[in-house]
Amino acid sequence: MVGKLLSLEWKSFTRSASFGKSLGLKIFMIFLAVYFAVVFLFMGIGLYPILKKIYPDNVPLLKLNEFILGWLAFELIFRFFMQSLPMVQIKPLLLQNIRKAKVINFVLLKSLFSFYNILPLLIYVPFAVVVAVKTDYTAVSMIGWAISVLFLSFSINFFNFLIKKKFAEDLKSFLPAIIVILALAGLEYFNIVPVSEKFGIFLNYVLEMPYLAILPIILCLLLFVWVKNTLKKKFYLDAGLKTKQKEVKSQDFEWLKRFGEVSTFLQLDMKLIWRNKRPKSTVFLSFFFLLYGLLFFTNSVYEGMPVMFVFAGIFISGIFMINFGQFVPSWDAAYYQMIMSQNIPMRKYLASKAALISFSIIILTILSTPYVYFGWNILLIIFTCALYNLGVNVPLLMFTGSFNKKRIDLEKSPFMNYQGTGAAQWLVAIPLLAVPLGIFYLFYKLFSFNIGLLVIGILGVIGILLRNYLMDRITIQYKKNKYAMIHGYKQTGD
């Protein structure tokens, strides 16, 4: 039965409508996967001497055990935003004489062979071999340790799916998990309770009593059963038909009428965001990523790397611009043909999109003002990067949108969802982030930090002054690609 399911997966992959179109992208992703696999392998081999050099007064293995909990927390967050459940075409299988339990087991066991689980394997196993060779720890102790950390990683794999299935329908319900993680991080950071050290003690016991490795295995099996039962409850053809009745609250966004001719389009965009899962999730994520600056502004490693502060400034003030703007006008794919058949000026339609994105940059910049706590120079960086986003990156995203020809399902989760992603979305990252960083770095090295920021800000102001001219040229490009975009949005395949 497993062989048949694998065969169906392969046929689905090779016979899909998008196979030939996205083959180049798949080859590129395979290249990246091989590259990171090699990097993680060498990291696993070289981790022991690196720890020995950084912490000469500590035992490298015991020191690593203190970091495992932090790594698992990072792995959970990373998986939540990037990893998706490896699904098969469920509906056709439900009509066949195949037990539901077998299909669910196949889906979950298949997830263990994902790239996200291979990477920890490439670190922990080589590290365990090196430690067994260079220290007095026995092979049995290191096997027990490797099994423990690997099954802890597999547990994170299933826990991630559990979170997505039970909580990802409503991002607000994920807040308790975020609060718990932040609380534990706070206890660790302020030296109130050494959480990571306490967790590391368990792994130290595993080295002395390898049979304790059975505990992570049991934890993994329990999570496997939990996820299996959760999926089984929704494993029906009509699972999505019966929904909870709730009062419908309409938002007309009447206050947007003060913005003149583009107000009608702004109201439609706000309703689209308010009523649909994927764009609404984009808004919530934008507020969440306001905290992204803490990774840079609180880390002493970046004190001599102001270019990383500029990256944080571009990212913080423009996260909604990046997540939402790169899919303009694919958000309207379901009714784009209708829009194009109406007497609607393309220029006003695009102006409303640019206005919405620009408004988000202003709001996020205002909300990021508490970063002044880390210095006025940090606030200056954020405001300058916001100017650059308004003047340069907004027109850039509007222009690349004329090459978007893939539709988007507004009700699908955005996590690890590449629907609507084409070559334009991958290529736009270069001018969007790399160009401003390169310009700043050049003038920073040739002159000074202030001159680098000044150049970035001037480019933003020039872009704002030329906004009307740029939007006119972008409108011509949209009109040129009008029918190709309509044809692309009619395609239902990813």
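# Briefing on a helical chain

Arginine 407 sits in the loop between α17 and α18 (423-427). The model is predicted, so local features need pLDDT of at least 70 and side-chain atom pairs count only at pLDDT 80 or more, while totals for chains, interfaces and linings use all residues. Residues are numbered from 1 along each chain as its sequence is written, and side-chain values use heavy atoms, with hydrogens and water left out.

**The chain as a whole**

- The chain contains 22 helices and zero strands; helices (H or I, at least four residues) and strands (E, at least two) are DSSP runs, numbered from the N terminus.
- Of its 494 residues, 44% count as buried. Buried means under 20% relative accessible area, exposed means over 50%, and partly exposed is in between (1.4 Å probe, protein chains only).
- Among contacts between residues at least 6 apart in sequence, 79% join residues at least 24 apart. A contact means heavy atoms within 4.5 Å.

**Around arginine 407**

- Arginine 407 counts as partly exposed, because its relative accessibility is 25%.
- The C-alpha atoms of arginine 407 and serine 330 are separated by 5.5 Å, although the two residues are 77 residues apart along the chain.
- Glycine 488 is 81 residues from arginine 407 along the chain, and their C-alpha atoms are separated by 7.3 Å.
- Glycine 488 belongs to helix α22 (residues 482-490) and is buried, with a relative accessible area of 10%.
- Valine 328 and proline 329 are joined by a cis peptide bond, with omega about 0°.
- Proline 329 lies in the loop between α14 (306-325) and α15 (336-341).

**Packing of α17 and α21**

- Two packed helices are described by the angle between their axes and the distance between the axes.
- Helix α17 (residues 376-400) packs with helix α21 (residues 467-480) at an angle of about 10°, and their axes are 10 Å apart. Axes are lines fitted to C-alpha atoms, for helices over the stretch in contact, and angles run from 0 to 180 degrees between N-to-C directions.
- The angle therefore makes α17 roughly parallel to α21. Angles under 35 degrees count as roughly parallel, over 145 as roughly antiparallel, 65 to 115 as roughly perpendicular and the rest as oblique.
- On the α17 side the contact is made by Leu390, Val394, Pro395, Met398 and Phe399; on the α21 side, by Arg467, Leu470, Ile474, Gln477 and Tyr478.
- By class, this contact has eight nonpolar, one polar and one charged residues. Ala, Val, Leu, Ile, Met, Phe, Trp, Tyr, Cys and Pro count as nonpolar, Asp, Glu, Lys and Arg as charged, and the others, Gly among them, as polar.

**Buried positions in helices**

- Asparagine 393 is also placed in helix α17 and is buried, with a relative accessible area of 0%.
- Leaving aside neighbours within four places in sequence, asparagine 393 is in contact with Ile314, Met321, Tyr388, Pro431 and Leu432.
- Serine 111 is in helix α5 (residues 100-111) and counts as buried at 1% relative accessibility.
- Serine 111 and glutamine 83 are 28 residues apart in sequence, and 9.7 Å apart in space, C-alpha to C-alpha.

**Salt bridges**

- The count comes to two salt bridges, a salt bridge being a side-chain nitrogen of Lys or Arg within 4 Å of a carboxyl oxygen of Asp or Glu.
- Lysine 63 is buried, with a relative accessible area of 16%, whereas glutamate 66 counts as partly exposed at 25%.
- Arginine 347 forms a salt bridge with aspartate 472, with the closest N and O atoms 2.8 Å apart.
- This pair links distant parts of the chain, 125 residues apart: arginine 347 is in helix α16 (residues 346-367) and aspartate 472 in helix α21.
- Arginine 347 is partly exposed, with a relative accessible area of 24%, and aspartate 472 counts as partly exposed at 39%.

**Cysteines**

- A search of the whole structure finds zero disulfides, a disulfide being a pair of cysteine sulfur atoms within 2.5 Å.
- Cysteine 220 is buried, with a relative accessible area of 5%.
- Cysteine 385 is buried, with a relative accessible area of 0%.
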